[in-house]
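Colleague: I am new to this structure and would like a close look at its aromatic pairing. Please set that in the context of the whole chain as you go.

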Amino acid sequence: ELGPNIPPSELTERLRSDMGPALFSWLCACAVYPELHWDLTLHLASLPCMPEGLVSEANLLRLIALPWFRAGSIPDEIRYELIRQIDTEQARELRKAIVAVLESNPADEGTFAAETQALEIAVNRHLLSRSRTERRTTRESLRRLSVGSGYRDYVVLRLLESVQTSPLDFF
């Protein structure tokens with residue numbers, strides 16, 4: 001039961017226990033992007049950094065049984081906890097894949113979707129950058145893109161804060 005009164009860290013542990021390591025890993029991967037889209041969910045499961053054999057009827061039924069997949073997003077606090085469960089190298093591969101998907105499927109220019117997509121690409125590039133120079137460049141892109149955008153991915157904003165305070169602990 002995913003009751004609203006369960007603390008996110010406890011809920012995360014329950015999910016890990018109930019789902020098993022492979023399916024839980026897929027759920028965590030889905031949390032990296034702020035919205036849940038079936039095409040992206042299936043794509044993430046097929047990446048080399050993910051456990052083999054994830055896409056099965058049983059696993060798909062277990063995922064769609066979660067209310068978040070019907071709603072289209074995972075609540076921020078839970079999403080943050082799920083992302084924290086991903087190891088650094090796997091997170092890098094997931095973010096690279098998300099950037100590649102977004103870049104290969106651009107939204108129409110001048111739309112809110114295009115602006116949001118550009119921000120997601122910039123955020124993920126920032127989280128992927130390893131050097132101060134790269135982070136400075138991507139931070140400038142983020143500033144330029146986010147001015148007046150109403151960007152509200154609080155999970156990513158928390159992750160960006162952690163990168164600024166502890167650049168060695170980010171993913």
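Modeller: Rings of Phe, Tyr and Trp (its six-membered ring) count as a pair if their centres lie within 6.5 Å, with planes under 30 degrees apart called stacked, over 60 edge-to-face and the rest tilted. This is a predicted model, in which local features need pLDDT of at least 70 and side-chain atom pairs count only at pLDDT 80 or more, while totals for chains, interfaces and linings use all residues. Residues are numbered from 1 along each chain as its sequence is written, and side-chain values use heavy atoms, with hydrogens and water left out.

The structure holds one aromatic pair. Its partners are W38 and F69, whose rings sit 5.7 Å apart centre to centre with 35 degrees between the planes, a tilted arrangement. Because W38 belongs to helix α3 and F69 to helix α5, the pair ties together parts that are 31 residues apart in sequence; helices here are DSSP runs (H or I, at least four residues), strands likewise (E, at least two), numbered from the N terminus. The two partners can be described by how much of each is covered, where buried means under 20% relative accessible area, exposed over 50% and partly exposed in between (1.4 Å probe, protein chains only). W38 is partly exposed, at a relative accessible area of 34%, whereas F69 is buried, at 9%.

L27 and W68 touch the most other members of the largest nonpolar core, which has 37 residues. Such a core is a set of buried Ala, Val, Leu, Ile, Met, Phe, Trp, Tyr and Cys residues joined through side-chain atoms within 4.5 Å. Among the elements that give two or more residues to this core are α3 (38–45) and α5 (67–71), along with α1 (8–19) and α6 (76–84), but the largest share, seven residues, comes from α2.

E81, which is placed in α6, counts as buried at 14% relative accessibility, and beyond residues up to four places away in sequence E81 touches P8, S9 and T12. E77, also found in α6, is partly exposed at 45% relative accessibility; although E77 and P8 are 69 residues apart in sequence, their C-alpha atoms are 6.3 Å apart in space.

Seen as a whole, the chain has 10 helices and zero strands, and buried residues make up 43% of its 171 residues. Of the contacts with a separation of 6 or more, 70% join residues 24 or more positions apart.

Confidence should be kept in mind throughout, and pLDDT is the predictor's confidence in each residue, from 0 to 100. The chain has a mean pLDDT of 85, with 77% of its residues reaching 70 or more.

Note on methods:
Contact = heavy atoms within 4.5 Å.
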